Amino acid sequence: MSKLKESLEQGKFTITGEIGPPKGYDLSHCWEKEVSYVRDRVVAINVTDNQSSVMRISSWAVCTKLAQDGLEPILQITCRDRNRLAIQGDILGAYVHGIRNILALTGDHNTAGDHPESMPVFDLDSVSLLMAISGLIKGKDLAGEELESMPDEIFPGAIVTPGADPMEMQLIKMERKIEAGAKFFQTQAIYDPKIFENFMKEAEKFKVPVLCGVVIIKSAGMANYMNNFVPGVVVPDEMITPLKEASKEDRPHKSVELMANFIKDVKPMCQGLHIMAMGWERYVPELLDMCEL
Amino acid sequence: MVVNVPKPAEELIELLSDYSSLFIVACGGCPIGCDSGGEPRINELTELLQKNKKVIGNTMIDFLCNKVLVGSKLRYKVEQLETADAMLVVSCGIGVQATAAMVDLPAVPANDTLSSQGMQGLWPSNERCAGCGTCYLGLTGGICPITSCSKSLLNGMCGGQHDGLCEVEEKRDCGWYLIYKRLKELGKLENLKKIPKLRDYRKQDVSDKERNTTRWALEKAVIYEAPGQTEGEKEE
């Protein structure tokens, strides 16, 4: 059974982490600098799928390595690169290697990454991918054909952007994802507890666990980048100013402190956290210690 | 020519289930060549729909892909349009989009568009039809999710939407943002629940029969049945 599902069903405050696979096959850096810091602090670890449309080692292969290492992987699947035959085959392939959790995403467009000339597939999208997974769980593929064996322990999830505008459309899509089979949500990064509170007020009615997305802001420059280029993400000035004022040596500590304050605010509103450390995995233990998590 | 074929009657009736009074707008271009438009189709649709709806009237406009022409001709029909719940548009996807853009009424496609062979009508504006063979315009406020969304998504906007714009290109509109806004204006947001979740790529294929018969029909219309020519004149 999925350990992520177990943790959420038991009502535990559930923390997940995330790693981005390298552009190569050597995973030693990934394990030494990313996995090692978070492995004892999270219930499960997401592995991104050609993140930002940049070609990397496949998500399912890294998830398999995590599973072999006794860790709980969350396989991210995007719809950009494969059609419905390939994706369904990959889901069964992942299952045989012990992968139980899948996060369904539409995926960034090809033009965002390093192969902008490639064919955008998008045969499925986040919603129809969830439909496909739900079908496989019940022993039927998207064409309605019966499977010889059912991957009935798959625990499917999806993402939601609490700061999205228009919020109404975001909630409509969230509901569509739930109807298609999403059993948990991880959110896009968020920094304003008020925005998260407003979102959760609307999303509570769905009764599906929400893990609040945390990306540690490393500098004022990164905050400005996110404000300008990451849709639905707003870093408030109250977070940017202290980072600007902190000395270079103090900055990581200040960042962690600011995020810890945010986490303390949102903890009562949601069912867990999804921490995307993006190279700052070494600060995750300190962050969680500060939050007593 | 933009090849378009009649939507199956059952699908059309389902698409029109929310509306009780309709105005038919038909294109006088490609659908005539495809045997999916013109007076015969207007009469056939009127007969089909009059069983349980009111068909307020109809008009045929030379090329619905010419938005300015559509706007200027429909201006004479304002009184009739004001009493209609929706327009039933007999044309390719471009014509449906053009009509929807000119009139504040839901525009429902009577046809599915398959492909564009050779000349594609006038097409002077920003609407695009991919010939997907499953026209979604009746549910999406007359804005095409296949051509206005860079990922051709069917289930709403992706996470790349920001300030109503697409992630792919600076200043490009997010098609799903436009659809959302339009449906909200029309009070039809519940349409989002009715859109099929999966595409059927078989439908965009143009069979050998369609390729040949449509071309033949157009040639026949142009060469042998030119306006003003009588049967007698033809024989001479």
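In which loop of chain A is Pro166(A) found? Pro166(A) lies in the loop between β5 (155-160) and α6 of chain A. We will come back to this residue after a walk through the rest of the structure. Please keep in mind that what you see is a predicted model. The model scores ipTM 0.91 and pTM 0.89. For chain B, the mean pLDDT is 87, with 84% of its residues at 70 or more.

Let us start with chain A as a whole. Its secondary structure amounts to eleven helices and eight strands. Along the principal axes, the C-alpha atoms of chain A fill a box of roughly 60 × 45 × 40 Å. A compact globule of 293 residues would have a radius of gyration near 19 Å, and chain A agrees with that because its own value is 19 Å. Of the 293 residues in chain A, 48% are buried. The contacts of this chain also reach along the sequence: among those between residues at least 6 apart, 78% join residues at least 24 apart.

Now turn to the strands of chain A. Eight of them close into a barrel, in the order β1-β2-β3-β4-β5-β6-β7-β8, with parallel pairing. On average, and ignoring direction, neighbouring strands of this sheet are turned by 25° against each other.

On one side, β7 (residues 210-214) of chain A pairs with β8 (residues 272-275) of chain A in the parallel sense, over four bridges. Here Leu211(A) has Gly272(A) in β8(A) as its bridge partner. Strand β1 (residues 14-19) of chain A also pairs with β8(A) in the parallel sense, over three bridges. In this pairing, Thr16(A) stands opposite His274(A) of β8(A).

What about the two faces of this strand? In a regular strand the side chains alternate between the two faces of the sheet. In β8(A), Gly272(A) and His274(A) are on one side and Leu273(A) and Ile275(A) on the other. All four of these residues are buried, and both faces of β8(A) are covered.

Most residues other than glycine have a negative phi, and most peptide bonds are trans. Ser52(A) is not a glycine, yet its phi is positive, at about 55°. You will find Ser52(A) in the loop between β2 (44-47) and α3 (59-68) of chain A. Ser52(A) is exposed, with 12 other C-beta atoms within 10 Å. Met278(A), also a residue other than glycine, has a positive phi near 45°. Met278(A) sits in the loop between β8 and α11 (284-290) of chain A. With 16 other C-beta atoms within 10 Å, Met278(A) is partly exposed.

Next comes the contact between the chains, to which chain A gives 21 residues and chain B gives 19 residues. On the side of chain A that touches chain B, the elements that give two or more residues are α5 (126-137) and α6 (167-179) of chain A. The largest share of that side, four residues, comes from α6(A). Sorted by class, that side of chain A has ten nonpolar, seven polar and four charged residues.

Four strands form an open sheet in the order β3-β2-β4-β5 (chain B), with parallel pairing. Strands β3 (54-61) and β5 (107-109) of chain B stand at the edges with a single partner strand each, so one side of each has no neighbour in the sheet. Neighbouring strands of this sheet are turned by 25° against each other on average, direction ignored. Strand β4 (residues 86-90) of chain B runs parallel to β5(B) and is joined to it by three bridges. Across this pairing, Val89(B) stands opposite Pro109(B) in β5(B).

Helix α6 (residues 93-102) of chain B packs on this sheet, where it touches β2 (21-27), β4 and β5 of chain B. The direction of α6(B) makes about 170° with that of β5(B). How much of this helix is buried? Nine of the ten residues of α6(B) are buried, so the helix is largely enclosed by the rest of the structure. Among them are Ile94(B), Val96(B), Ala98(B) and Met102(B).

Notes. Residues are numbered from 1 along each chain as its sequence is written. Chains are lettered from A and ligands numbered from 1 in the order in which they are written. This is a predicted model: local features need pLDDT of at least 70, side-chain atom pairs count only at pLDDT 80 or more; totals for chains, interfaces and linings use all residues. Two strands pair if DSSP finds at least two bridges between them. Axes are lines fitted to C-alpha atoms, for helices over the stretch in contact, and angles run from 0 to 180 degrees between N-to-C directions. Two residues are in contact if their C-beta atoms, placed from the backbone, lie within 7 Å. Ala, Val, Leu, Ile, Met, Phe, Trp, Tyr, Cys and Pro count as nonpolar, Asp, Glu, Lys and Arg as charged, and the others, Gly among them, as polar. pLDDT is the predictor's confidence in each residue, from 0 to 100. The radius of gyration is taken over C-alpha atoms; the globule rule is 2.2 Å times the number of residues to the power 0.38. A residue is buried if 20 or more other C-beta atoms lie within 10 Å of its own, exposed if 12 or fewer, and partly exposed in between; C-beta atoms are placed from the backbone.
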